[in-house]
There are 2 protein chains.
Amino acid sequence: MAATIRDIKKVTGLSLATISKYLNGGNLLPENREKIERAIEELHYEVNEMARGLVTSQSKTVGVVVFDIANVFVCTVLQYLGDGLRAAGYAAMICDSHNDPLQEADNIRFLMGKQVDGLIVLPVAQTSDFLNPPIRAGIPVVLLDRSLGDSRVDCVKVDNQTAAAEALRLLVEYGHRRIAIIGSDTVITGKERLEGCFQLLKEMNLAVPPEYLKLGNHSIEHGYQSMWELLRLRKPPTAVFLGNFEIILGAVMAVNESEFRCPADLSIVGFDDLIVSNLSNPRLSVVVQPLRSMADETVRLLLRRIEDIRNAGSNPDAEQEPHMELSLRAQIVEGGSIAHIKCSGRAVNSN
Amino acid sequence: MAATIRDIKKVTGLSLATISKYLNGGNLLPENREKIERAIEELHYEVNEMARGLVTSQSKTVGVVVFDIANVFVCTVLQYLGDGLRAAGYAAMICDSHNDPLQEADNIRFLMGKQVDGLIVLPVAQTSDFLNPPIRAGIPVVLLDRSLGDSRVDCVKVDNQTAAAEALRLLVEYGHRRIAIIGSDTVITGKERLEGCFQLLKEMNLAVPPEYLKLGNHSIEHGYQSMWELLRLRKPPTAVFLGNFEIILGAVMAVNESEFRCPADLSIVGFDDLIVSNLSNPRLSVVVQPLRSMADETVRLLLRRIEDIRNAGSNPDAEQEPHMELSLRAQIVEGGSIAHIKCSGRAVNSN
DNA sequence: AGGACAGAGCGAAACGTTTTGCTCTGTCCA
DNA sequence: TGGACAGAGCAAAACGTTTCGCTCTGTCCT
């Protein structure tokens, strides 16, 4: 059905090798170049990437395995990843792990079967065993968002601990002492953020009373429920740290439904902005992850590895660049959701 | 590097044809079957899908082109699509059009180059010209969510018009007469929903005063702004229809920030539920699109077309099944966001 | 006993590219 | 004028599968 390089040969009278050279940007007589171009136009010729891939053993395809594709953070990252890969001529095969380590491992196998040139993984598993197959097969892997402490792969993430500490420091500097935390310890990023919070509180000689510490998962429900529980306390906190986007969404809904006003009655600082933060009134003060950079760095790292492998070729003793963990700095963007407070007295709006 | 069928031949002493037969589920002597299985295990053999694809001219891959991958509706659909395709052994190459018809057309070309067996498109363009290349090349296309009125392709969507009318009918039946609409006429689904609204209002001999009709795009901003404008009117509406998920999100935030309470002061009915609806208090009454079914039907339709093409094979006069537009019925799920109202008097909570 | 038939296996030819090593034709410089 | 050299083109061999048509070996029925 579809035209092949052989049809072009018939039309132009040139050899396969010459046509191939044209397709891959070699030097030709202008005359022949034109002939080929005309033939391609006429025949609607398109390179068959499978045939090409078979001989180059490159599929120009990378697998992207995400812990949950319906998650807003994931979608946004996916967008940037897709753009970056596409710009380099790579297609992304995206697989959803549904937050299930078994499906994750299965996705990896599936994608390997599809001959991907590399893998980008936003992992759900807590250990890196599931990466053995691609590593053994020499397929480069870059982890994104969540590190697994495995030195055999590259990783791009955000410095959650420092960022969370900075956010909390802000609250303390505004005078807050009764600070609550709604976060998650079921996932590594959540743990790191909590770690950052605790570290700063310790540094400041502050403590979180148990009723101010709400642990669950990174979900709207958790944010909503926990916030209500906090607001109903006899002595509610004057400020609260919200561990991720979903928690923010839920918590803000709760606050809005209540009689509490932000920041007069309650100051808020949260992790991840995405949609809600600059819509709510006042704007939220948030830790903003550099999603674009994270995606770009991930793609850059992966493509470099793929390039290296290609160049190393048969040479087996080629030096492997050591694998790296890129920890990007998150930025705090202040909205108006934090009020100054004197001692443990009433809040004073800073605006 | 990787083991091939030839290595298995060496180990087992069997012919390539036999091994291939094994891989594709043919009949073998138990003895030989075991031999091959042992060799595969030992050599970590994996079928090279590119080579297989080259000869079968099937890539077991479909392209999915979406208008905006960061959109929550899209993500959710993508999840279901991915599951369905995966179950059939197909990988999904996902491309984002960024709501730009030019990028959309480019995505189609790109994916065709990658030898996809079929295309699923959530289109942004309003006409179907950009589908000419795949149609000419004989690659089946299924449109999802948005129809383009092109009889050369299949389409799966929701009956927006009827669903919107039903939603509005609900408001009227509850006694509302001052009904506002926040929607979009920039996109076909939005238009259809508006059409349904108008149709019902006409049927009921009601009209929407211009200040009650807020047209924009399907965005949080539009919902938020428009809702505030409605609430600030001298004579605000007693009920409002919200055209999609993003609009709901923005509008609900606005209501919560205001002094209006739902449903006492304002009744709400919206299109799409997804995350917010059953979290807000009271739960929202919403039109729920059967996303799972939409995705499943889409996959079913596409795979059937692919199958048909494969079976038709060289036979050029094979009858093509006529293309169809599947219009699924949406369901209205009542929360508590609609209050009974007597004439134009004050609202009476129905709960 | 003989013929038909089914099951299992085989060799070789495809599939549509890239790549390698070669030849041929000019051009440039000594 | 001759030799080196660069540029352009070519034929053929890969790449790792599937598939086609064939042979061989039993088994079953008449």
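I began with the end of H8(B), which is followed by B:Gly175, a residue with a positive phi near 105°. I note here that the model is predicted. I then looked up the helix itself. H8(B) covers residues 160-173 and holds 14 residues. From first C-alpha to last, H8(B) reaches 20 Å, close to the 20 Å expected at 1.5 Å a residue. I listed the buried residues of H8(B) as B:Asn160, B:Ala163, B:Ala164, B:Ala165, B:Ala167, B:Leu168, B:Leu170, B:Leu171 and B:Val172.

**Entry: DNA strand C**

I looked up which residues surround DNA strand C and found 26, of which the closest are A:Ile5, A:Ser20, A:Arg52, B:Thr18 and B:Asn32. Of the atoms of DNA strand C that come within 4 Å of the protein, sugar and phosphate account for 69%.

The side chain of B:Thr18 places an N or O atom 2.7 Å from a phosphate oxygen of DNA strand C. For A:Tyr45, I recorded 2.9 Å between a polar side-chain atom and a phosphate oxygen of DNA strand C.

In chain A, helix H1 (5-12), helix H2 (16-23) and helix H4 (49-56) each give at least two residues, as do helix H2 (16-23) and helix H4 (49-56) of chain B. H4(A) gives the most, with four residues. By class, I recorded twelve nonpolar, ten polar and four charged residues in the surface near DNA strand C.

**Entry: DNA strand D**

I repeated the search for DNA strand D. Around DNA strand D there are 26 residues, and A:Ser15, A:Thr18, A:Asn32, B:Ile5 and B:Ser20 come nearest. Sugar and phosphate make up 67% of the atoms of DNA strand D that come within 4 Å of the protein.

A polar side-chain atom of A:Thr18 is 2.7 Å from a phosphate oxygen of DNA strand D. B:Ile5 contributes through its backbone, with an N or O atom 2.8 Å from a phosphate oxygen of DNA strand D. B:Asn24 has a polar side-chain atom 3.1 Å from a phosphate oxygen of DNA strand D.

The elements that each supply at least two residues near DNA strand D are H2 and H4 of chain A, with helix H1 (5-12), H2 and H4 of chain B. I found that H4(B) gives the most, with four residues. The surface near DNA strand D divides into twelve nonpolar, ten polar and four charged residues.

**Entry: domains of chain A**

I looked up the division of chain A and found domain 1 (5-47), domain 2 (61-158 + 291-328) and domain 3 (160-289 + 332-350). I recorded 36 Å between the C-alpha centres of domain 1 of chain A and domain 2 of chain A.

**Entry: strand S5 of chain A**

I checked the burial of S5(A) and found five of its five residues buried. A:Asp154, A:Val156 and A:Val158 point one way from S5(A), whereas A:Cys155 and A:Lys157 point the other way. In a regular strand, side chains alternate between the two faces of the sheet.

I then looked up the pairing partners. S4(A) and S5(A) pair in the parallel sense over three bridges, and A:Val142 stands opposite A:Asp154 in S5(A). S5(A) also pairs in the parallel sense with strand S11 (residues 325-328) of chain A, over four bridges. The bridge partner of A:Val158 in S11(A) is A:Leu328.

**Entry: backbone geometry**

I looked up A:Asp145, which lies in the loop between strand S4 (141-144) and strand S5 (154-158) of chain A. A:Asp145 has a positive phi of about 80° although it is not a glycine. Is A:Asp145 buried or exposed? A:Asp145 counts as buried because its relative accessible area is 5%, under the 20% limit.

B:His44, also not a glycine, has a positive phi of about 55°. B:His44 is found in the loop between helix H3 (30-43) and H4 of chain B. I recorded B:His44 as partly exposed, with a relative accessible area of 48%.

Finally, I looked up cis peptide bonds. The bond from A:Cys262 to A:Pro263 is cis, with omega near 5°, and A:Pro263 sits in the loop between helix H11 (245-257) and strand S9 (267-271) of chain A. In chain B, a cis peptide bond joins B:Cys262 and B:Pro263, with omega about 5°.

Technical notes:
Residues are numbered from 1 along each chain as its sequence is written. Chains are lettered from A and ligands numbered from 1 in the order in which they are written. This is a predicted model: local features need pLDDT of at least 70, side-chain atom pairs count only at pLDDT 80 or more; totals for chains, interfaces and linings use all residues. Side-chain values use heavy atoms; hydrogens and water are left out. A residue is near a molecule or strand if one of its heavy atoms lies within 4 Å of it. A polar contact is a pair of N or O atoms within 3.5 Å; within protein, one must be able to donate a hydrogen and the other to accept it, and residues adjacent in sequence count only if both atoms are side-chain atoms. Ala, Val, Leu, Ile, Met, Phe, Trp, Tyr, Cys and Pro count as nonpolar, Asp, Glu, Lys and Arg as charged, and the others, Gly among them, as polar. The expected span of a helix is 1.5 Å times one less than its number of residues. Buried means under 20% relative accessible area, exposed over 50%, partly exposed in between (1.4 Å probe, protein chains only). Domain bounds come from an automatic or database domain assignment. Two strands pair if DSSP finds at least two bridges between them.
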